[in-house]
Structures are given as C-alpha cells and as structure tokens.
Amino acid sequence: MPTTRPRTQVTHTRDVEDALEIARSRWPDESPSALLMHLVVRGGEAIRDEQAQRALARRGAVDVVVERFAGIYPTGYLSELREDWPE
C-alpha cells in the first residue's frame, strides 16, 4: 500500500514469534503485521507507564528528603545570611 511514512521490516526471530503468539491469543483474527502494530503500541504504552512510575518514585524520594531536613534552619536564616554579603 503506498505511503509517505517510513516502513520497518522485522525478522521473525524466536522472540518475535513468541510475542506474535501471545498477541494472536489476544487478537486471533489479525494479520501478523496488525499483531506487530498492537505489540508496538502496547509496548510503547507500557514503557511510558513505567517511566511515569519511576518519576513518581523519584519525586517521592525527594519528598522524603525534603521532609527529613525541613526546619533544619530557622525561618529567615537565608535572608539574615545574605545581609552579611557585600553588594
């Protein structure tokens, strides 16, 4: 089918065949190329979700550190410190 979009060929290695079998159990009436499209889209979604979960975990770790050190300096400490700096 004519297209202006890039195309990608995929060799059916053992891992690809295994993934296609799994996809075929979910979408039994689809062609191999349609199954690959499903796998690519679902794989992209899974990676995006995994990255979002890692970002949440990192933010949570930063929040723990912030809470741990909150109040270590009195209110106005930084302003007082800056008063001693020459202009």
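Is aspartate 49 buried, partly exposed or exposed? Select aspartate 49: its relative accessible area is 43%, so the residue is partly exposed (buried is under 20% relative accessible area, exposed over 50%, partly exposed in between, with a 1.4 Å probe and protein chains only). This is a predicted model, in which local features need pLDDT of at least 70, side-chain atom pairs count only at pLDDT 80 or more, and totals for chains, interfaces and linings use all residues. Residues are numbered from 1 along each chain as its sequence is written, and side-chain values use heavy atoms, leaving out hydrogens and water.

A salt bridge is a side-chain nitrogen of Lys or Arg within 4 Å of a carboxyl oxygen of Asp or Glu. The whole structure has 4 salt bridges.

Next, select helix α1, residues 14–26 (helices are DSSP runs of H or I, at least four residues, numbered from the N terminus). Arginine 14 and aspartate 18 form a salt bridge, with their closest N and O atoms 2.8 Å apart. Arginine 14 is exposed at 57%, while aspartate 18 is partly exposed at 32%. In helix α1, glutamate 21 and arginine 24 are 3 residues apart, about one turn, and their salt bridge spans 2.6 Å, N to O.

Finally, go to the 1 aromatic pair. The ring centres of tyrosine 73 and tyrosine 77 are 4.6 Å apart and the planes are at 20°, so the pair is stacked (rings of Phe, Tyr and Trp, its six-membered ring, pair if their centres lie within 6.5 Å; planes under 30 degrees apart are stacked, over 60 edge-to-face, the rest tilted).

Key:
Helices (H or I, at least four residues) and strands (E, at least two) are DSSP runs, numbered from the N terminus.
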